[in-house]
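Work through the exercises below with the model in view. Try each task before reading its solution.

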Amino acid sequence: MSKALGTFALVTLFSALLMALSLAVARHGYPYGAFGVKRLDGIADAGSFLAIAAIYFFGAMLMMILPIRAAGVVLTHAADAIFWATIVLFATIVGSLLARWAFGQHEVLWALFNWRFLFVAAIVAAHLFMNELRRNVLLRSLFFVVFGAVTLACLFWSFST
């Protein structure tokens, strides 16, 4: 957990510094600043977490039914990578928004209250409790169904805004 928080804090700082640099360059009238802002804003979409969540929860569903060795392969080669990608993407979004807030755009922090960011919390929570879910047969069976439903919802449900 502390490694995830440290990674989140460092990536947030880096993205905030890069966004601040881009905003400062753009404020001075150079077009390169606008390019930097546009590139950092391009990944700042809460909707991108729907596809990430679908892939993660499909892997989590497999981890609930696979034997321990195969589940370990799914965990180390897929679920861990998706977990860290989620942390990095969310930290980048938070850092970019904090830099915009520091440059006087105070209304941008409301973007963090998008309900689609709940998928970030769901991925992090599932990843942190994966060992507990695997130990208990009842929880494993229950969360196989839950993870399957979440996977299908992320893929096929039109979460309109």
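**Exercise 1: the fold**

Solution. Along the sequence, the pattern is α-α-α-α-α-α-α. The model is predicted: local features need pLDDT of at least 70 and side-chain atom pairs pLDDT 80 or more, while totals for chains, interfaces and linings use all residues. Residues are numbered from 1 along each chain as its sequence is written, and side-chain values use heavy atoms, without hydrogens and water.

**Exercise 2: the whole chain**

Task: find what share of the residues of the chain count as buried.

Solution. Buried means under 20% relative accessible area, with a 1.4 Å probe and protein chains only. For the extent, the C-alpha trace spans about 60 × 35 × 20 Å along its principal axes.

**Exercise 3: one residue**

Task: decide whether Thr 151 is buried or exposed, and list what Thr 151 touches.

Solution. First, locate Thr 151 in helix α7, residues 137–156. Next, take its relative accessibility: Thr 151 counts as buried because the value is 5%. Then look for contacts (heavy atoms within 4.5 Å). Leaving out residues up to four places away in sequence, Thr 151 touches Ala 54, Phe 57 and Phe 58. Finally, the side chain of Thr 151 reaches the backbone oxygen of Phe 57 at 3.4 Å.

How values were computed
Helices (H or I, at least four residues) and strands (E, at least two) are DSSP runs, numbered from the N terminus. Buried means under 20% relative accessible area, exposed over 50%, partly exposed in between (1.4 Å probe, protein chains only). A polar contact is a pair of N or O atoms within 3.5 Å; within protein, one must be able to donate a hydrogen and the other to accept it, and residues adjacent in sequence count only if both atoms are side-chain atoms.
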